[in-house]
Amino acid sequence: MAEQERYEESHLYKIRHSAAHVMAQAVLELFPEGKFTIGPPIENGFYYDFDLPRNLTPDDLEQIEKRMRQIIQGKHAFKKTIVSAEEAKRIFADQPYKLELIEGLEKGRLDEYGNPVQERPEISIYEHDTFFDLCRGPHVENTSEIRPDALKLMNVAGAYWRGDEKNKMLQRIYGTAWEKVDDLKGYLWKLEEAKKRDHRRLGKELDLFSVSEDVGAGLILWHPKGAMIRVLVEDFSRNAHLENGYEWVFSPHIGRAYLWQTSGHLDFYKEGMYSPMDIEGEPYYAKPMNCPFHIEIFKSHLRSYRDLPRRYAEYGTVYRYERSGVLHGLTRVRGFTQDDAHIFCRPNQVEEEISRALEFSLYVLRSMGLTEFKAYLSTMPEKYVGNTANWEKAIEALRRAIEAHNLPYQVDEGGGAFYGPKIDLKVMDALGREWQLSTIQFDFNLPERFGLEYIGEDGQPHQPYMVHRALLGSMERFFGVLIEHFGGAFPVWMAPVQTVVIPIADRHLDYAHEVAQKLRAEGLRVELDERSERMNAKIRDAQKQKIPYMLVIGDNEMNAGRVSLRVRDGSQQNNIPLAEFVARAKDRIARRAAEL
Ligand SMILES: [Zn+2]
Ligand SMILES: [Zn+2]
């Protein structure tokens, strides 16, 4: 069962749906002339949309919430009644939005949430206390099942009736409700924490990246500290690829229309591509994907079965059209670099290749400090290319790979691309949020379109199998995930500045320089804070910059030729030999350890 279905059958879902009704009752008591529309449960809570004579204030929310608690304590039962459309219209005679919904139900086209329905559903009314709503349920038995202390109204936002900007703008009140007080507390903590970890905020505070209006929306500028992290991640991954039998390639950012015609991108993906540029009368397109270039490299030689598999990897920068409204920090951008690879192999090699790719993916992600994964297996959609038997075999190969790696997984029936089934790997970050990163996809389409061949053992030409895979996905998006996962407090190996040397007074400067120099010679990334600020201010700033190690140098340290270590986690080691600190730092780096 899909997660959403499980949620819809849960008690929590009923609690939230019931809380939405109670909220609507409270709002309409406050605004008797108000009109109410729809109010479903959503992930983490519920909302209800209202058409009210004035804008709601924070005071209103407080009052509504208070009134909700009173209603809840009244232990009012929820009662369902089946009514005819005529009765329903009588009940909601002064509620134009409800009348519109009833008409939709009557015609059997839309349900009470405005979703299309196949068959004409029955019209039901749920009632509690003095409140009636057009509703299919389900609800809790009575209002006391909503915990008054596990309930909170969050905010008000504008929302168009039926989500259509041609319609009237309504006021949407968001609320959250939980089974236990602790669940509410945990949820609010997570929200607070997510705000603190927002990569756009940390990107600025830690000087990692920016977006410039002059450059254009959705185009990322990597600042030195952000770029340092990217270099470290790329270097690690580049070596790991080499150890895993990949070959690195580079390809250009643009290609002839002819190429994108052959690949089918101009037929199937044009809305994701930018307008062409004219080069000597011929249209060229910025690449939305790297695949055709790798295919051309494969095609540049006659391949024998002995040459396979070939695994081409590239940090390939692609450009995809995204509307400005959906752009978001690093996670939704217009130009990004994929850690992309294409595997060309014989049919009898593909199962092992899939398994290796998944193994490799998990290894790289774990090395980055991500440890919780969930796999999604997407199978054959209605429209597809290739033959069914190959699809079946490919899906089974993907499934066996997931199971062999003991990953929890869900099957997305029919969710594959038209050209092949795939595994998507989502990681859970420190706040339990899921991010889709890796993908491993079969392709039954491109080898055909490009006429790929290899000469088999039988001396005859055969079509190779092709697999697309990206591990971190897009470097931009992955960086956004990393920032939020670590809250900007990167592990030592990844930290752009690993150590800051803090002299207490000017007379310690020479020794501080010497210490910094020695650390640099050991390969550590070091900053020296020479400002004439007080030590505490320097420590505070280093702490804000989330630098793992601070080496404080005063008279004692200078005279003994030692350092005092302050660690980002607050622990301290006074007057230790520099070599002891170097050994500690190097150990953490070598192990890419999470601990400091
Ligand atoms: Zn309802
Ligand atoms: Zn590809």
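Here is a short briefing on a zinc site and the sheet and helix around this part of the structure. The model is a predicted one. In it, a zinc ion (ligand 1) is held by H17, H21 and C135, and three strands, β4, β5 and β6, form an open antiparallel sheet.

**The zinc site**

- The zinc ion (ligand 1) is coordinated through NE2 of H17, NE2 of H21 and SG of C135, at 2.0 to 2.3 Å.
- Along the sequence, these donor residues follow the spacing H-x3-H-x113-C.
- H17 and H21 are 4 residues apart in helix α2, so about one helical turn separates them.
- H17 has 1% relative accessibility and therefore counts as buried, given that the cut-off for buried is under 20%.
- H21 also counts as buried, because its relative accessibility is 1%.

**The sheet**

- The strand order is β4-β5-β6, with antiparallel pairing.
- At the edges are β4 (79-83) and β6 (131-134), each of which pairs on one side only.
- On average, neighbouring strands in this sheet are turned by 25° against each other, ignoring direction.
- Strand β5 spans residues 123-128 and pairs with β4 in the antiparallel sense over 5 bridges.

**Helix against sheet**

- Helix α2, made of residues 11-30, lies across β5 and β6.
- The helix runs at about 120° to β6.

Terms used
Residues numbered from 1 in each chain as written. Chains lettered and ligands numbered in written order. Predicted model: local features only at pLDDT ≥ 70, side-chain atom pairs only at ≥ 80, totals over all residues. Heavy atoms only, no water. Pairing = 2+ DSSP bridges. Helix = DSSP H or I, 4+ residues; strand = E, 2+ residues; numbered from the N terminus. Axes fitted to C-alpha atoms, helices over the stretch in contact; angles between N-to-C directions. Contact = heavy atoms within 4.5 Å. Donors = N, O, S within 2.8 Å, 3.2 Å for Na, K, Ca; no water. Buried < 20%, exposed > 50% of the residue type's maximum accessible area, 1.4 Å probe, protein only.
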